[in-house]
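My notes are below the structure.

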Amino acid sequence: MSEGAAFSGDNVGTLARGIRENLTQFVHQLLQVMLVGFALGMMRTVVPVLAEAEFGVARGSFILLTAFVVAFGMVKGVLNFVAGRLSERIGRKRVLLLGWIAALPVPFMIYFAPDWNWIVAATVLLGINQGLAWSMTQTSKLDITRADQRGLTIGLNEFAGYVGVAVAGIVTGYAATALGARLGLLIFGLAVVITALVLTLVWVRDTLPWAKAEAATHATAKAGASAYRPRYPTNISDNPTTWEVFTLMSWRDRRMAAISQAGLVEKFVDALVWVIFPVFLFQQGMDLTSIGWIVGAYGFVWGGSQLFTGRLSDHVGRHWPNVLGMWISGLGVGMVVMGSGVWWWAASAAIAGFGMALLYPNLSAAVADIAPPSWRGSAIGIYRFWRDLGYGIGALGLGLVAHFSGALEATFWFVALSMMLSGLVLWVFGEETHPRLNPADAPSHPPGR
(Lines give C-alpha, C1' and ligand atoms only; values in the text may rest on other atoms or scores of the structure.)
Protein backbone atom coordinates (compact mmCIF):
# COMPACT_ATOMS: atom_id res chain seq x y z
CA MET A 1 0.00 0.00 0.00
CA SER A 2 1.45 3.42 -0.91
CA GLU A 3 1.59 6.24 1.62
CA GLY A 4 -0.92 8.22 -0.36
CA ALA A 5 -3.34 5.31 -0.42
CA ALA A 6 -2.79 4.69 3.26
CA PHE A 7 -4.02 8.16 4.12
CA SER A 8 -7.27 7.83 2.21
CA GLY A 9 -10.39 7.22 4.23
CA ASP A 10 -11.49 4.22 2.16
CA ASN A 11 -9.12 1.65 3.56
CA VAL A 12 -8.51 2.63 7.18
CA GLY A 13 -10.66 -0.18 8.42
CA THR A 14 -8.46 -2.82 6.77
CA LEU A 15 -5.37 -2.08 8.87
CA ALA A 16 -4.89 -4.82 11.47
CA ARG A 17 -3.41 -3.90 14.83
CA GLY A 18 -1.15 -6.10 16.93
CA ILE A 19 2.53 -6.92 17.33
CA ARG A 20 2.33 -10.20 15.42
CA GLU A 21 0.20 -8.66 12.67
CA ASN A 22 2.75 -5.87 12.12
CA LEU A 23 5.89 -7.68 13.17
CA THR A 24 8.15 -6.42 10.37
CA GLN A 25 7.40 -2.76 11.02
CA PHE A 26 7.53 -3.35 14.78
CA VAL A 27 11.06 -4.74 14.45
CA HIS A 28 12.09 -1.84 12.21
CA GLN A 29 10.88 0.59 14.85
CA LEU A 30 12.76 -1.31 17.57
CA LEU A 31 15.93 -0.98 15.52
CA GLN A 32 15.24 2.73 15.08
CA VAL A 33 14.92 3.36 18.81
CA MET A 34 18.10 1.37 19.48
CA LEU A 35 19.92 3.66 17.06
CA VAL A 36 18.40 6.67 18.84
CA GLY A 37 19.80 5.20 22.06
CA PHE A 38 23.22 4.83 20.43
CA ALA A 39 23.15 8.52 19.48
CA LEU A 40 22.35 9.52 23.06
CA GLY A 41 24.74 7.02 24.63
CA MET A 42 27.78 8.32 22.75
CA MET A 43 27.54 11.49 24.90
CA ARG A 44 27.12 9.72 28.24
CA THR A 45 30.54 8.45 29.31
CA VAL A 46 33.36 10.18 27.45
CA VAL A 47 32.08 13.76 27.22
CA PRO A 48 31.42 14.49 30.94
CA VAL A 49 34.61 12.76 32.12
CA LEU A 50 36.85 14.56 29.62
CA ALA A 51 35.10 17.93 29.85
CA GLU A 52 38.20 19.48 31.46
CA ALA A 53 40.94 17.76 29.45
CA GLU A 54 39.34 17.89 25.98
CA PHE A 55 36.91 20.80 26.05
CA GLY A 56 38.30 23.31 28.53
CA VAL A 57 35.79 23.13 31.38
CA ALA A 58 37.54 24.29 34.56
CA ARG A 59 37.66 21.83 37.43
CA GLY A 60 34.77 22.42 39.82
CA SER A 61 32.67 24.36 37.30
CA PHE A 62 29.58 22.31 38.08
CA ILE A 63 27.04 24.72 36.55
CA LEU A 64 29.04 24.95 33.30
CA LEU A 65 29.48 21.17 33.28
CA THR A 66 25.73 20.62 33.55
CA ALA A 67 24.92 23.27 30.92
CA PHE A 68 24.91 20.80 28.04
CA VAL A 69 22.34 18.56 29.76
CA VAL A 70 20.19 21.59 30.62
CA ALA A 71 20.24 22.55 26.92
CA PHE A 72 19.46 18.98 25.90
CA GLY A 73 16.50 18.68 28.25
CA MET A 74 14.94 22.01 27.33
CA VAL A 75 15.24 21.38 23.59
CA LYS A 76 14.15 17.74 23.76
CA GLY A 77 11.16 18.63 25.91
CA VAL A 78 9.94 21.26 23.46
CA LEU A 79 10.55 19.00 20.44
CA ASN A 80 8.60 16.16 22.09
CA PHE A 81 5.68 18.58 22.30
CA VAL A 82 6.14 19.66 18.67
CA ALA A 83 6.69 16.10 17.41
CA GLY A 84 3.39 14.75 18.69
CA ARG A 85 1.31 17.52 17.17
CA LEU A 86 3.35 17.68 13.94
CA SER A 87 3.10 13.92 13.40
CA GLU A 88 -0.70 14.19 13.37
CA ARG A 89 -0.38 16.59 10.43
CA ILE A 90 2.51 15.31 8.27
CA GLY A 91 2.85 11.71 9.47
CA ARG A 92 5.17 9.80 11.79
CA LYS A 93 7.80 8.84 9.19
CA ARG A 94 8.52 12.39 8.08
CA VAL A 95 9.02 13.52 11.69
CA LEU A 96 11.38 10.58 12.29
CA LEU A 97 13.38 11.53 9.20
CA LEU A 98 13.65 15.15 10.34
CA GLY A 99 15.03 13.90 13.65
CA TRP A 100 17.85 12.02 11.98
CA ILE A 101 18.69 14.92 9.67
CA ALA A 102 19.10 17.11 12.77
CA ALA A 103 21.64 14.63 14.21
CA LEU A 104 23.91 14.57 11.16
CA PRO A 105 26.17 17.50 12.21
CA VAL A 106 26.62 16.27 15.81
CA PRO A 107 29.66 13.95 15.32
CA PHE A 108 31.49 16.65 13.33
CA MET A 109 30.78 19.30 15.96
CA ILE A 110 32.22 17.10 18.69
CA TYR A 111 35.30 16.31 16.58
CA PHE A 112 36.10 19.94 15.72
CA ALA A 113 34.91 21.52 19.00
CA PRO A 114 37.36 24.24 20.12
CA ASP A 115 35.56 24.71 23.45
CA TRP A 116 32.59 23.62 25.57
CA ASN A 117 30.17 25.93 23.77
CA TRP A 118 30.37 23.66 20.72
CA ILE A 119 29.45 20.67 22.89
CA VAL A 120 26.42 22.57 24.22
CA ALA A 121 25.41 23.44 20.62
CA ALA A 122 25.89 19.81 19.50
CA THR A 123 23.73 18.70 22.41
CA VAL A 124 20.97 21.07 21.28
CA LEU A 125 20.92 19.26 17.92
CA LEU A 126 20.98 15.93 19.76
CA GLY A 127 17.96 17.12 21.76
CA ILE A 128 16.13 17.85 18.50
CA ASN A 129 17.03 14.37 17.26
CA GLN A 130 15.86 12.70 20.45
CA GLY A 131 12.66 14.73 20.73
CA LEU A 132 11.59 13.96 17.17
CA ALA A 133 12.97 10.46 16.63
CA TRP A 134 12.40 8.75 20.00
CA SER A 135 8.89 10.20 20.22
CA MET A 136 8.05 8.76 16.81
CA THR A 137 9.35 5.26 17.55
CA GLN A 138 7.09 5.09 20.60
CA THR A 139 4.06 6.67 18.94
CA SER A 140 4.42 4.49 15.83
CA LYS A 141 4.47 1.29 17.86
CA LEU A 142 1.39 2.35 19.81
CA ASP A 143 -0.36 3.06 16.49
CA ILE A 144 0.06 -0.50 15.22
CA THR A 145 -0.46 -2.49 18.43
CA ARG A 146 -3.53 -3.29 20.52
CA ALA A 147 -4.60 -1.71 23.80
CA ASP A 148 -3.81 -4.90 25.74
CA GLN A 149 -0.23 -4.78 24.40
CA ARG A 150 0.64 -1.21 25.42
CA GLY A 151 2.78 -2.11 28.43
CA LEU A 152 4.68 -4.71 26.43
CA THR A 153 5.00 -2.36 23.46
CA ILE A 154 6.47 0.52 25.44
CA GLY A 155 8.58 -1.88 27.48
CA LEU A 156 10.14 -3.28 24.31
CA ASN A 157 10.60 0.24 22.94
CA GLU A 158 12.40 1.50 26.04
CA PHE A 159 14.35 -1.77 26.37
CA ALA A 160 15.78 -1.30 22.89
CA GLY A 161 16.49 2.39 23.43
CA TYR A 162 18.21 2.15 26.80
CA VAL A 163 20.16 -0.97 25.99
CA GLY A 164 21.37 1.14 23.06
CA VAL A 165 22.35 3.93 25.49
CA ALA A 166 24.26 1.48 27.71
CA VAL A 167 26.04 -0.26 24.83
CA ALA A 168 27.06 3.05 23.29
CA GLY A 169 28.46 4.28 26.60
CA ILE A 170 30.68 1.20 26.87
CA VAL A 171 31.70 1.10 23.19
CA THR A 172 32.61 4.78 23.11
CA GLY A 173 34.64 4.33 26.31
CA TYR A 174 36.76 1.70 24.55
CA ALA A 175 36.84 3.74 21.32
CA ALA A 176 38.04 6.86 23.14
CA THR A 177 40.77 4.85 24.86
CA ALA A 178 41.94 3.29 21.58
CA LEU A 179 41.46 6.17 19.10
CA GLY A 180 41.12 9.30 21.21
CA ALA A 181 37.88 10.89 22.38
CA ARG A 182 37.19 12.99 19.31
CA LEU A 183 37.99 10.45 16.60
CA GLY A 184 36.22 7.62 18.45
CA LEU A 185 33.01 9.66 18.80
CA LEU A 186 33.21 10.85 15.18
CA ILE A 187 33.40 7.34 13.74
CA PHE A 188 30.76 5.91 16.05
CA GLY A 189 28.38 8.83 15.61
CA LEU A 190 28.57 8.91 11.82
CA ALA A 191 27.98 5.16 11.58
CA VAL A 192 24.85 5.48 13.75
CA VAL A 193 23.29 8.48 11.98
CA ILE A 194 23.94 7.30 8.42
CA THR A 195 22.59 3.83 9.19
CA ALA A 196 19.44 5.33 10.72
CA LEU A 197 18.83 7.67 7.77
CA VAL A 198 19.10 4.83 5.26
CA LEU A 199 16.81 2.52 7.25
CA THR A 200 14.22 5.27 7.72
CA LEU A 201 14.11 6.09 4.01
CA VAL A 202 14.04 2.50 2.76
CA TRP A 203 12.12 0.38 5.28
CA VAL A 204 10.07 2.43 7.75
CA ARG A 205 6.35 2.88 6.93
CA ASP A 206 4.17 5.67 8.21
CA THR A 207 1.79 4.45 10.92
CA LEU A 208 -0.55 7.44 11.05
CA PRO A 209 -3.16 5.50 9.00
CA TRP A 210 -3.46 2.98 11.87
CA ALA A 211 -4.14 5.82 14.33
CA LYS A 212 -6.77 7.24 11.98
CA ALA A 213 -8.39 3.83 11.65
CA GLU A 214 -8.55 3.43 15.44
CA ALA A 215 -9.97 6.95 15.81
CA ALA A 216 -12.66 6.20 13.20
CA THR A 217 -13.59 2.98 15.02
CA HIS A 218 -13.72 4.80 18.35
CA ALA A 219 -15.92 7.55 16.91
CA THR A 220 -18.49 5.12 15.50
CA ALA A 221 -18.47 2.58 18.33
CA LYS A 222 -21.61 2.35 20.41
CA ALA A 223 -21.41 2.93 24.13
CA GLY A 224 -20.84 -0.39 25.82
CA ALA A 225 -19.65 -2.09 22.63
CA SER A 226 -16.29 -2.68 24.24
CA ALA A 227 -16.04 -4.79 27.38
CA TYR A 228 -13.49 -2.42 28.92
CA ARG A 229 -13.87 1.21 27.93
CA PRO A 230 -11.03 3.53 29.01
CA ARG A 231 -11.59 6.44 31.36
CA TYR A 232 -11.01 9.09 28.72
CA PRO A 233 -11.09 12.70 29.96
CA THR A 234 -14.54 14.27 29.61
CA ASN A 235 -13.63 17.95 30.02
CA ILE A 236 -12.17 18.34 26.54
CA SER A 237 -13.61 18.70 23.03
CA ASP A 238 -13.60 15.91 20.42
CA ASN A 239 -11.06 17.79 18.28
CA PRO A 240 -9.09 19.73 20.88
CA THR A 241 -6.69 22.57 20.20
CA THR A 242 -3.06 22.27 21.20
CA TRP A 243 -3.70 24.52 24.21
CA GLU A 244 -6.63 22.37 25.34
CA VAL A 245 -4.50 19.23 25.31
CA PHE A 246 -1.59 21.00 27.00
CA THR A 247 -3.68 22.36 29.87
CA LEU A 248 -5.45 19.03 30.32
CA MET A 249 -2.16 17.14 30.54
CA SER A 250 -0.53 19.73 32.77
CA TRP A 251 -3.18 20.51 35.40
CA ARG A 252 -6.84 20.13 34.38
CA ASP A 253 -6.84 16.31 34.59
CA ARG A 254 -5.52 15.23 37.98
CA ARG A 255 -4.38 11.84 36.66
CA MET A 256 -2.46 13.26 33.70
CA ALA A 257 -0.89 15.97 35.88
CA ALA A 258 0.29 13.39 38.43
CA ILE A 259 1.83 11.29 35.66
CA SER A 260 3.48 14.33 34.06
CA GLN A 261 5.12 15.53 37.29
CA ALA A 262 6.42 12.01 37.97
CA GLY A 263 7.86 11.91 34.46
CA LEU A 264 9.60 15.24 35.03
CA VAL A 265 11.16 14.25 38.36
CA GLU A 266 12.31 10.77 37.28
CA LYS A 267 14.53 12.47 34.69
CA PHE A 268 16.53 13.90 37.59
CA VAL A 269 17.94 10.37 37.93
CA ASP A 270 18.96 10.19 34.31
CA ALA A 271 20.54 13.68 34.44
CA LEU A 272 22.51 12.56 37.52
CA VAL A 273 23.69 9.36 35.85
CA TRP A 274 24.63 11.28 32.72
CA VAL A 275 26.56 14.24 34.07
CA ILE A 276 27.43 13.66 37.76
CA PHE A 277 27.85 9.90 38.21
CA PRO A 278 30.73 9.52 35.69
CA VAL A 279 32.57 12.51 37.19
CA PHE A 280 31.99 11.18 40.72
CA LEU A 281 33.43 7.80 39.71
CA PHE A 282 36.38 9.46 37.94
CA GLN A 283 37.17 11.37 41.12
CA GLN A 284 37.12 8.04 42.98
CA GLY A 285 39.88 6.73 40.69
CA MET A 286 37.86 4.77 38.11
CA ASP A 287 39.11 4.70 34.49
CA LEU A 288 36.90 5.28 31.42
CA THR A 289 36.17 1.61 30.72
CA SER A 290 35.30 0.90 34.38
CA ILE A 291 33.02 3.95 34.44
CA GLY A 292 31.37 2.71 31.25
CA TRP A 293 30.59 -0.65 32.84
CA ILE A 294 29.37 0.77 36.19
CA VAL A 295 27.10 3.33 34.53
CA GLY A 296 26.19 0.65 32.00
CA ALA A 297 24.77 -1.48 34.85
CA TYR A 298 22.10 1.21 35.28
CA GLY A 299 21.27 1.20 31.56
CA PHE A 300 21.35 -2.57 31.10
CA VAL A 301 19.10 -3.27 34.10
CA TRP A 302 16.79 -0.44 33.14
CA GLY A 303 16.57 -1.58 29.53
CA GLY A 304 16.52 -5.33 30.14
CA SER A 305 13.98 -5.27 32.96
CA GLN A 306 11.47 -3.45 30.78
CA LEU A 307 10.98 -6.67 28.84
CA PHE A 308 9.28 -7.84 32.04
CA THR A 309 7.95 -4.69 33.69
CA GLY A 310 6.04 -3.41 30.65
CA ARG A 311 4.28 -6.72 30.19
CA LEU A 312 3.68 -6.93 33.96
CA SER A 313 1.62 -3.74 33.89
CA ASP A 314 -0.66 -5.23 31.22
CA HIS A 315 -1.68 -7.74 33.90
CA VAL A 316 -1.44 -5.94 37.26
CA GLY A 317 -2.00 -2.34 36.17
CA ARG A 318 0.11 0.78 35.83
CA HIS A 319 -0.39 2.59 39.13
CA TRP A 320 1.59 0.54 41.62
CA PRO A 321 4.53 -0.25 39.30
CA ASN A 322 4.84 3.50 38.71
CA VAL A 323 4.72 4.47 42.38
CA LEU A 324 7.07 1.70 43.53
CA GLY A 325 9.42 2.45 40.65
CA MET A 326 9.82 6.05 41.83
CA TRP A 327 10.68 4.94 45.36
CA ILE A 328 13.00 2.06 44.37
CA SER A 329 14.94 4.23 41.94
CA GLY A 330 15.33 6.92 44.58
CA LEU A 331 16.64 4.28 47.00
CA GLY A 332 19.26 3.15 44.49
CA VAL A 333 20.45 6.71 43.97
CA GLY A 334 20.84 7.27 47.70
CA MET A 335 22.76 4.01 48.07
CA VAL A 336 25.56 5.25 45.78
CA VAL A 337 26.95 7.53 48.50
CA MET A 338 26.26 5.10 51.35
CA GLY A 339 29.12 2.78 50.38
CA SER A 340 32.09 2.47 48.05
CA GLY A 341 33.77 0.09 45.63
CA VAL A 342 33.03 -1.09 42.11
CA TRP A 343 30.51 -3.74 43.13
CA TRP A 344 28.65 -1.43 45.51
CA TRP A 345 28.36 1.30 42.90
CA ALA A 346 27.30 -1.15 40.22
CA ALA A 347 24.66 -2.67 42.52
CA SER A 348 23.33 0.76 43.47
CA ALA A 349 23.15 1.73 39.79
CA ALA A 350 21.33 -1.53 39.03
CA ILE A 351 18.72 -0.89 41.77
CA ALA A 352 18.14 2.63 40.42
CA GLY A 353 17.83 1.12 36.94
CA PHE A 354 15.28 -1.46 38.09
CA GLY A 355 13.14 1.26 39.65
CA MET A 356 13.28 3.16 36.37
CA ALA A 357 12.25 -0.01 34.53
CA LEU A 358 9.14 -0.27 36.70
CA LEU A 359 8.03 3.29 36.07
CA TYR A 360 9.40 4.30 32.69
CA PRO A 361 7.29 2.31 30.22
CA ASN A 362 4.27 2.36 32.49
CA LEU A 363 3.98 6.12 32.90
CA SER A 364 3.78 6.34 29.10
CA ALA A 365 1.37 3.40 28.97
CA ALA A 366 -0.85 5.14 31.52
CA VAL A 367 -1.04 8.22 29.28
CA ALA A 368 -1.84 6.02 26.27
CA ASP A 369 -4.59 4.24 28.26
CA ILE A 370 -6.65 7.36 28.84
CA ALA A 371 -5.78 9.51 25.79
CA PRO A 372 -8.24 9.02 22.89
CA PRO A 373 -6.56 7.88 19.64
CA SER A 374 -7.49 11.08 17.80
CA TRP A 375 -5.11 13.12 19.98
CA ARG A 376 -2.97 10.40 21.58
CA GLY A 377 0.11 11.56 19.68
CA SER A 378 -0.30 15.04 21.14
CA ALA A 379 -0.90 13.67 24.66
CA ILE A 380 2.22 11.52 24.51
CA GLY A 381 4.18 14.46 23.12
CA ILE A 382 3.09 16.75 25.95
CA TYR A 383 3.81 14.10 28.59
CA ARG A 384 7.25 13.68 27.02
CA PHE A 385 7.63 17.47 27.01
CA TRP A 386 7.24 17.57 30.78
CA ARG A 387 9.25 14.38 31.27
CA ASP A 388 12.29 15.50 29.30
CA LEU A 389 12.09 19.01 30.68
CA GLY A 390 13.19 17.12 33.78
CA TYR A 391 16.62 16.72 32.18
CA GLY A 392 17.02 20.49 32.11
CA ILE A 393 15.44 21.23 35.49
CA GLY A 394 17.25 18.30 37.09
CA ALA A 395 20.64 19.20 35.61
CA LEU A 396 20.23 22.82 36.68
CA GLY A 397 19.33 21.67 40.18
CA LEU A 398 22.32 19.32 40.24
CA GLY A 399 24.65 22.12 39.18
CA LEU A 400 23.33 24.49 41.83
CA VAL A 401 23.43 21.87 44.61
CA ALA A 402 27.00 20.88 43.69
CA HIS A 403 28.07 24.53 43.40
CA PHE A 404 26.73 25.66 46.75
CA SER A 405 27.58 22.47 48.67
CA GLY A 406 30.97 21.96 47.01
CA ALA A 407 30.36 18.20 47.12
CA LEU A 408 29.02 15.85 44.47
CA GLU A 409 27.57 13.60 47.18
CA ALA A 410 24.89 16.21 47.93
CA THR A 411 23.49 15.85 44.42
CA PHE A 412 22.67 12.19 45.03
CA TRP A 413 20.64 13.09 48.13
CA PHE A 414 18.86 15.85 46.22
CA VAL A 415 17.72 13.39 43.55
CA ALA A 416 16.81 10.62 46.02
CA LEU A 417 14.58 12.95 48.06
CA SER A 418 12.94 14.36 44.90
CA MET A 419 12.04 10.85 43.74
CA MET A 420 10.53 9.91 47.08
CA LEU A 421 8.35 13.05 47.24
CA SER A 422 7.25 12.76 43.60
CA GLY A 423 6.28 9.12 44.12
CA LEU A 424 4.13 10.23 47.04
CA VAL A 425 2.35 12.81 44.85
CA LEU A 426 1.73 10.15 42.20
CA TRP A 427 0.35 7.74 44.81
CA VAL A 428 -2.07 10.33 46.23
CA PHE A 429 -3.31 12.00 43.05
CA GLY A 430 -2.98 9.24 40.45
CA GLU A 431 -5.22 6.24 39.85
CA GLU A 432 -5.26 3.00 37.91
CA THR A 433 -5.63 3.71 34.17
CA HIS A 434 -5.73 0.20 32.71
CA PRO A 435 -9.21 -0.08 31.12
CA ARG A 436 -9.63 -3.73 32.16
CA LEU A 437 -8.84 -3.00 35.80
CA ASN A 438 -10.61 0.37 36.07
CA PRO A 439 -13.09 0.65 33.17
CA ALA A 440 -15.21 3.72 32.50
CA ASP A 441 -18.46 2.07 33.57
CA ALA A 442 -17.13 0.99 37.00
CA PRO A 443 -16.84 3.14 40.15
CA SER A 444 -13.60 5.13 40.05
CA HIS A 445 -10.75 3.80 42.15
CA PRO A 446 -9.81 6.30 44.84
CA PRO A 447 -6.36 7.86 44.40
CA GLY A 448 -3.61 5.88 46.06
CA ARG A 449 -5.61 2.64 46.09
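The entries cover cavities, then helix packing.

I note that this is a predicted model, in which local features need pLDDT of at least 70 and side-chain atom pairs count only at pLDDT 80 or more, while totals for chains, interfaces and linings use all residues. Residues are numbered from 1 along each chain as its sequence is written, and side-chain values use heavy atoms, with hydrogens and water left out.

Cavities. I searched the whole structure and found five cavities of 30 Å³ or more (a cavity is a set of points on a 1 Å grid over the protein atoms alone where a 1.4 Å probe fits but cannot get out; lining residues have an atom within 4 Å of a point). I count 14 residues in its lining, with Arg44, Val165, Ala166, Val295 and Gly296 nearest the centre. Helices H9 (150-179), H13 (254-283) and H14 (288-316) each give two or more residues to this lining (helices are DSSP runs of H or I, at least four residues). H14 gives the most, six residues. By class, I read seven nonpolar, five polar and two charged residues in the lining of the largest cavity (Asp, Glu, Lys and Arg count as charged; Gly counts as polar).

Helix packing. I looked up H15 (residues 319-336) against H16 (residues 342-370): their axes come within 7 Å and cross at roughly 155 degrees (axes are lines fitted to C-alpha atoms over the stretch in contact, and angles run from 0 to 180 degrees between N-to-C directions). H15 is therefore roughly antiparallel to H16, a term for angles over 145 degrees.

Terms used: 1 Å grid on protein atoms, 1.4 Å probe; cavity = no way out; pocket = protein on both sides within 12 Å on 5 of 7 lines; lining within 4 Å. Points joined across faces, edges and corners; volume = space filled by probe spheres on them. Parallel < 35°, antiparallel > 145°, perpendicular 65-115°, else oblique.
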